[in-house]
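Colleague: I would like a close look at one part of this model. Please take me through the charged pairs, step by step.

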Amino acid sequence: MRIKRAERNTGEKSTEEVCPPHGPPQKLDQNYQDETVRKKTERTTKNLVYHPHGTNRKAQRVFCRRKYASTGFSWNLVTKINLINRTRGRVDCHQKPCTIESNYRNILMKKLAIEKVNRDIYRAIRTVTSKYLKKSHMDSYHEEKKRLLFISKHPEIYKNELYGHVGRWNILPDENNPEMARCNPQKRIRCFLDFEIINERKLGRMYIEIYNDFVPIAGENFLRFVRGEKGKGYKNTQLYVIMPGIGLLGGDVDNAFGASPRSAYGKPFASENHLLRFSGPGVIASFTLHPNINFCQFFISFQGLPFLKDQYVVIGRVIKNLRTLQMIEEFGTKTGTPRKPITITNCGIFAKK
């Protein structure tokens, strides 16, 4: 821009043009203008990204309103309907209160009239039916549930399993199986195992039920190590294999990472039967590397593994606090090496009532 300077003494205007201090005006280069616009855009984008509770949330609301505007969707109408449904037709509490100085009677009559209309709308809302079929609603619900199961680290939360619903799966054989004559819940014994990451945190206690009515030899072998007979037990032993989605291995009383040749009977014992099934998470079995050769090691599954039925002898299952099992699974790797050393700090058997 150019500045016109007037003569102070004569009062006459001068036609002389004086340049500003920064020099004569120049036409801005197009590249410079593009660069300036690009920088402003970057700053705007950064604000949207780094302030999720500010501009970004407002932008989402604007986008949502524009999205439904093309379909004839009235955002204000839905807001008012929601308000009437929430207050059950009463006048909303956010209106200005009445004062003695104001025209109290007229304001009160106006609110009563509004409330009467709102109650009529509320009755209509309660009796209205959707034009969409129930099948379409259920399909949309199942699609959203699949998406949550896919992105969730613990999908059992959305399946309503594992947390207080341990009895949903059964490890017993089929009812038509003649071996069901062995079933005697009075012979089953309950015990517990406490897991902890040493010098860091406790993972919790798992409550276990051993099915001695079906596998008395393998079950007694497990229980003797829980008691810690002859100075050897599961206490202070580590889990040496944790494979997410499969299971964990532990119970090596010599801390030989699965190579301990020790059993409660002094020598390896043969597999009794394979009647009990790997029908869900928390199933405990006697682990063996060779058929009919069982030692002190045990295996606990993280999910149903029906293909292992004829390989390991199932001796029981977790009946409470499967959350601890889920926490242990988080420290597993694909190779089986635990991310952190997890130790059984305590174990024992519950006395029968």
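Colleague: Start with Arg147. Is Arg147 buried, partly exposed or exposed, and what is its relative accessible area?

Modeller: Arg147 is partly exposed, and its relative accessible area is 43%. Keep in mind that this is a predicted model. Now look at the partner. Arg147 forms a salt bridge with Glu144. Their closest N and O atoms are 2.5 Å apart. Glu144 is partly exposed too, with a relative accessible area of 37%. Why can these two meet? Both sit in helix H5, which covers residues 134–151. They are three residues apart there, so about one helical turn separates them. The general idea is simple. Side chains of opposite charge can pair when their charged atoms come close.

Next, turn to a pair in strands. Asp194 forms a salt bridge with Arg205, and the closest N and O atoms are 2.6 Å apart. Asp194 is in strand S3, while Arg205 is in strand S4 (residues 201–210). They are 11 residues apart in sequence, so this bridge ties the two strands together. Check the exposure of each partner. Asp194 is buried, at 13% relative accessible area. The cut-off for buried is under 20%, which is why Asp194 gets that label. Arg205 is partly exposed, at 27%.

Salt bridges can also link up. Glu220, Arg224, Arg227 and Glu229 are joined in a network of them. Over the whole structure, a search finds 15 salt bridges.

Finish with confidence. The chain has a mean pLDDT of 76, and 70% of its residues reach 70 or more. Two stretches call for care. Residues 1–28 stay under 50 in pLDDT. The model gives that stretch 19 contacts beyond four places in sequence. Residues 161–165 are also below 50, with 11 contacts beyond near neighbours in sequence. Where pLDDT is low, the predicted coordinates should not be read in detail.

How values were computed:
Residues numbered from 1 in each chain as written. Predicted model: local features only at pLDDT ≥ 70, side-chain atom pairs only at ≥ 80, totals over all residues. Heavy atoms only, no water. pLDDT = per-residue confidence, 0-100. Contact = heavy atoms within 4.5 Å. Salt bridge = Lys/Arg side-chain N within 4 Å of Asp/Glu carboxyl O. Helix = DSSP H or I, 4+ residues; strand = E, 2+ residues; numbered from the N terminus. Buried < 20%, exposed > 50% of the residue type's maximum accessible area, 1.4 Å probe, protein only.
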